Structures are given as structure tokens and as C-alpha cells.
Amino acid sequence: MRLRGGAGRRRAASVAVGERGSPAAPPAAVPYNAPSMSGFVRGVGGGWACDGVPLAAVAAEVGTPVYVYSAAVIRERVRRFRAGFEPWPHAVHYALKANSNLAVVEVVRAAGGLVDANSGGEIEVALRAGFAPGDIVFTGVGKTPAEIDRAVELGVKAINAESAGELERIAGAARRRGTTARVALRVNPDIAADSHPHISTGLSRHKFGVAIGDARAIVREASGRAGLRFTGLHIHVGSQMLGLGPLRRAAASVVDLARELAGDGVKLEHLDLGGGLGIAYDEAGGEQPPPVGDYAAVLVEAVRPTGLTLLVEPGRAIVGPAGVLLASVVDVKPRADGTWFVVLDAGMSELMRPALYGAYHRIALVEEREADPVTCDVVGPICESSDVFGVERRLPLPAVGEPIAVFDAGAYGSAMASNYNRHPLPAEVMVDASAWRVVRRRQTMDEQLAGEVAAPRGSAPREPAR
Ligand code: LLP
């Protein structure tokens, strides 16, 4: 991920969606999710739509901020993954952390995806979305005793263990229940992901997994232990990766380990190579992830000599381009240098990625029009200077009240939303076959406060305010 668009960064030649070419001559229909024919498209009149549903209509009816998802894009992306790995025994375990809205997860399931859960909560979402325990791999760097016990009780496909100590705790939980837990070991291959430091996970200084040099002894020891059935090895070296090199190297290291273990008599069933395939947040800026087919071919090639089933855990590449965040302009403020602040009703509480990683997201007026663009910083309403969605963007100056679309927000958008500044969690809408429905209501103030316990009225005498 390139650091862009964050509070402190200025882009030299800023090009956002809808600003390419002459604003006076918008092309007839610009499929944004090319080569897919579904997804977010700018219509003849300039207005953006999702699979035939005008985004302006959704914003007007549901209000903003609202996330809008395309079921067609999610389905198509799950299918592309499945097709890419087709030549080899495989399973695509969608990483729920990217977006675990029930409706999203149901679409993934209907398209033949399985799931990767990172917490007890995500396991419960998977079950409620209709997945069987055997469809779930359970990852997580800090699993609580309750989470381990629940995963053992359910008999999930694999618990991806993070340490020798955790393997012991899983074995203990299994023995107490008189059962055997299926486990894999997460290995840290000490490989740089060439991504943003916050989402790189495969170096030895990162907290994830056990050092590759220690893994063989740990597996050999644990595979003989009562309560454990050792099924695989797991790696995940980073997220938003735009090159295949780190993935190839990580796969090779885990394949070597699997061969050594086979020599030791440890019979594995699968290699889980994690997620990490990036998406083109900034296509115009040259950001180009490898096609899923190339990604799959590299992993299959690496795993082939082992004969083992290949598991992957894509999150972003499934749902990222399938979602936009719609926000409304609440203020436009001129600046001394002739540029503008465009202030939205959504900020880092709804979409944290720009503030947290300096991440770049395309931004466009929902109703694009022929007008000379101005240079503006698109900012949120939160009381932090990092609350900036885009710096030096070129947009026609919007009117107060106008909806704005922030693209590629389907992954790690609503999933990372918070109540900071007492913002309600945003509404979410799913578009499917030219129809749409609300799949999460906007949180009400009562819901937000439901768990909070105030002192009984009158129990604490109030001191004078001055
Ligand atoms: N598997 C494991 C073990 C993971 O830790 C992750 C992501 C994935 C799979 C899915 O990775 P993906 O295919 O989505 O790259 N909040 C950050 C991303 C954090 C990713 C954490 N782990 C962001 O907004 O960029």
C-alpha cells in the first residue's frame, strides 16, 4: 500500500475517478470494476450507479453515511478465486475480518466460499450465515480460553495455532471434551510483504506465528500429543500485496517445511497460504495487482510437489471493490490559497483506512457534472487532523447536501467503524439484481447507549458549573 492521501501527504498529480479525460465530455458508461460488467458504473447522465441502482437514490432514501455493496461483484470475485485454483484441490476461506456483515457473508457462502474467522465473534457470524464448523478455519494471535473451547466444541476444520503454548491449551481443551482438535501451525517465515508496515505480518519482529526455524520441532512434538490432529501449516505474510514475489517466497518456505515434516512421518492434509492479494485503489496512479489467475498459478505451482490441498484466505480482494461509502457534504470552506475543504458527514469513525494508514481511496461526486474542477481536501467531521479522506483532489465544487462516493470501501470499512465522537455505526445496503435492501440499519442513539449504565437520576448532587 502506498502512503497517500493521508493528512500529511500531498499528491502531485491527483487523479480521482471521474476526473480522467475532460469533465466536459463524460464517457457513456464507465465500468469501474473492469473487466467485470457488474459493479459501480457512471451512467450517461454522469450519475454513479451500482448494478442499475442509482447511488443518489440510495443516499436520498437511506440517508448518509451508508455503505453500498454489489452482490454481483462479491459473487464474481469469489468465483474468480475458485476458478483460479480449480486445477488443484483447494478451498477459498474468505477472511471475515474484511467485512462480516451477515448479508455479505451469505453472498460469499452462496458463491461457494468458505470462511476464515479471527475471533469467537466471527465464528458465530459464520454459523449464523449458514456455515458448518467444517467450513471454518480459526486464526488469531490471541485466542482466549473461551474461544479455544468453542472452536474445539464445534470441531472447526482447523485451528491455526500461534505458538507451542497455544497448541498445549488446544490439546487440553480437546482432552477435557474427550475429542480431538484439528490444528495447523502458523509459521512466521521472516519474509517482507512489501506492503504498508501496519499490515505486514511475516517478519520475525512481527507477533504472528512461530519462527520458521522452530516450527519443525514444535510440530513433531505436538503431532504425537493426545487431543491434537495435525492437519496443516499456515502463513499470512501481509495484506494489500501488489507483487507475487513475497507470496512465492513464503509459499516456498512453508513447502520446504512440509517436506521435512513428511520425512519425519508427519502426515499433513493442507497448506493454508493466507490472504493478502491487493486491489487497485489507485488504478490511475499505476497501482496494479496481479490477476487472480496469476496469483493462483504461483501458489498452485509452489504447493504441487507436496500433493497437499491448498487453502487461501482472501478478504480485501473479494469485497474491497464491491463496496462504496456514500457520505454527504456538510460544508465547503475556501482556503487562502484558492483550494477548498470539502467536509463530509462521514470520517474516520466510518472509514478508518485513510487516517490509520494514509490509504488512498478514489472519491467522486455521486452526480458527476460538467464543471471546472477545484482542488480540495475531502475531510471528515471528527476532531482529529488525521480525519482526511483525500488530499488535493480535483472535483467540481460540490454543494452542501450533495452525496459523495468513496470507492473500494467494501473491505475494512464498516468492519473497522466505531462510535468515535458518538457517531452511530453507518447503515449498509446490498444491491442484488437491480434491487436493493438495507442489510444493516443505521445504529440508533438508544442502541449506542444500550449497554451503558448511568447513575440513578438525583443520586449524585451536581456541583455548580462555575
Ligand atoms: N488471513 C489472515 C491470517 C489475516 O491476518 C488477514 C488479514 C487475511 C487473511 C486477509 O487478508 P487480505 O486478503 O484482506 O489482505 N485493516 C487493514 C488490513 C488488515 C489485514 C489483516 N489481516 C486495511 O484496511 O488495509
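Two residues are in contact if their C-beta atoms, placed from the backbone, lie within 7 Å. Helices (H or I, at least four residues) and strands (E, at least two) are DSSP runs, numbered from the N terminus.

This is a predicted model, in which local features need pLDDT of at least 70 and side-chain atom pairs count only at pLDDT 80 or more, while totals for chains, interfaces and linings use all residues. Residues are numbered from 1 along each chain as its sequence is written.

**Helix pairs**

Ala-71, Ile-74, Arg-75 and Val-78 of H2 meet Val-104, Val-107 and Val-108 of H3. By class, this contact of H2 with H3 has six nonpolar, no polar and one charged residue. Here Ala, Val, Leu, Ile, Met, Phe, Trp, Tyr, Cys and Pro count as nonpolar, Asp, Glu, Lys and Arg as charged, and the others, Gly among them, as polar.

A second pair is H5 with H6. Pro-145, Ile-148, Asp-149 and Val-152 in H5 meet Arg-169, Ile-170, Ala-173 and Ala-174 in H6. The contact of H5 with H6 divides into six nonpolar, no polar and two charged residues.

The table gives the geometry of both pairs. Axes are lines fitted to C-alpha atoms, for helices over the stretch in contact, and angles run from 0 to 180 degrees between N-to-C directions.

| Helix pair | Axes come within | Crossing angle |
|---|---|---|
| H2 (residues 71-85) and H3 (residues 102-110) | 9 Å | roughly 40° |
| H5 (residues 145-154) and H6 (residues 164-176) | 9 Å | roughly 55° |

H2 and H3 are therefore oblique to each other. H5 and H6 are therefore oblique to each other as well. Angles under 35 degrees count as roughly parallel, over 145 as roughly antiparallel, 65 to 115 as roughly perpendicular and the rest as oblique. H2 and H3 make a right-handed crossing. H5 also passes H6 in a right-handed crossing. A crossing is left-handed if the near helix is turned anticlockwise from the far one by less than a right angle, and right-handed if clockwise.

**Domains**

The domain assignment gives domain 1 (30-70 + 320-449) and domain 2 (71-319). These bounds come from an automatic or database domain assignment. The C-alpha centres of domain 1 and domain 2 lie 31 Å apart. Their contact takes 28 residues from domain 1 and 22 residues from domain 2. On the domain 1 side, strand S5 (66-70), H11, strand S21 (427-432) and strand S22 (435-440) each supply at least two residues. S21 gives the most, with four residues. By class, this side of domain 1 has 13 nonpolar, 10 polar and five charged residues.

**Ligand shell**

The ligand is surrounded by 22 residues, and the closest are Ala-95, Ser-239, Gly-275, Gly-315 and Tyr-412. Helix H10 (316-319) and helix H11 (353-357) are the elements that give two or more residues to this shell. A residue is near a molecule or strand if its C-beta atom, placed from the backbone, lies within 6 Å of it. The shell has nine nonpolar, eight polar and five charged residues. Domain 1 and domain 2 both give residues to the shell, so the ligand lies between them.

**Backbone details**

The peptide bond from Thr-64 to Pro-65 is cis, with omega near -5°. Pro-65 sits in the loop between helix H1 (55-62) and S5. Asp-190 has phi near 55°, a positive value in a residue other than glycine. Asp-190 is in the loop between strand S10 (181-188) and strand S11 (210-211).
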